[in-house]
Amino acid sequence: MYEEDIEHALRARKYNAIRADERELINAITYDTDGIIKRRSCFGYSEEFIGELQEHDINVCEPDGNPDENWTFTLPPMY
């Protein structure tokens, strides 16, 4: 009886968590001065968001491709 409601709630929860992680990263980019931002592997980002970062010359290294198993975002130089 509640199966669809529970499934919807879980999808919404995951969606909201990803959006929160993306907003947090955008905030970190705004105030970064080092050019490299690292985030734990538990953070999640949508494919669309990763694509947008790459289109803006932000290098994205996913956790499974990193020795420290963190997300690494390398920003373009400041102008």
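A polar contact is taken here as a pair of N or O atoms within 3.5 Å, one able to donate a hydrogen and the other to accept it. The model examined is a predicted one. In this model, the side chains of Thr72 and Lys38 make such a contact, at 3.1 Å.

Thr72 belongs to strand E3. Its relative accessibility is 10%, below the 20% cut-off, and Thr72 therefore counts as buried. Leaving aside residues up to four places away in sequence, Thr72 touches Ile36, Ile37 and Lys38, as well as Asn59, Val60, Cys61 and Asn66. The C-alpha atom of Thr72 is separated by 12 Å from that of Leu53, a residue 19 positions away along the chain.

Strand E3 is part of an open sheet of 3 strands, arranged in the order E1-E3-E2 with antiparallel pairing. The antiparallel pairing of E2 with E3 extends over 3 bridges. Within E3, Thr74 is the bridge partner of Asn59. Helix H1 lies across E1 and E3, and runs at about 155° to E1.

Arg39 is located in strand E1, which covers residues 36-39. With a relative accessibility of 16%, Arg39 falls under the 20% limit and so counts as buried. The side chain of Arg39 is joined to that of Glu24 by a polar contact of 3.0 Å. When residues up to four places away in sequence are not counted, the contacts of Arg39 are with Glu24, Ala28, Tyr45, Asn70, Trp71 and Phe73.

Helix H2 spans residues 47-55, and its buried residues include Phe49, Ile50 and Leu53. Viewed down the axis of H2, the buried residues fall within an arc of 100°, so they line one face of the helix. In general, an α-helix has 3.6 residues a turn, so residues three or four places apart point the same way. Glu47, Glu48 and Glu55, on the other side of H2, are exposed. The elements against which the buried residues of H2 pack are helix H1 (3-31), strand E2 (59-61) and strand E3 (71-74). After H2 comes Asp57, which has a positive phi near 60°.

The cysteines were examined with a cut-off of 2.5 Å between sulfur atoms for a disulfide. By this rule, the count is 0 disulfides. Cys42 is in no disulfide, and the cysteine sulfur nearest to its own, that of Cys61, is 16 Å away. Cys61 is likewise in no disulfide, its nearest cysteine sulfur being that of Cys42 at 16 Å. In terms of accessibility, Cys42 has a value of 57%, over the 50% limit, and therefore counts as exposed. Cys61 has a relative accessible area of 23%, between the limits of 20% and 50%, and is therefore partly exposed. Cys61 is also one of the residues touched by Thr72.

Notes
Residues are numbered from 1 along each chain as its sequence is written. This is a predicted model: local features need pLDDT of at least 70, side-chain atom pairs count only at pLDDT 80 or more; totals for chains, interfaces and linings use all residues. Side-chain values use heavy atoms; hydrogens and water are left out. Helices (H or I, at least four residues) and strands (E, at least two) are DSSP runs, numbered from the N terminus. Buried means under 20% relative accessible area, exposed over 50%, partly exposed in between (1.4 Å probe, protein chains only). Contact means heavy atoms within 4.5 Å. The arc is that of the directions from the helix axis to the C-beta atoms. Two strands pair if DSSP finds at least two bridges between them. Axes are lines fitted to C-alpha atoms, for helices over the stretch in contact, and angles run from 0 to 180 degrees between N-to-C directions.
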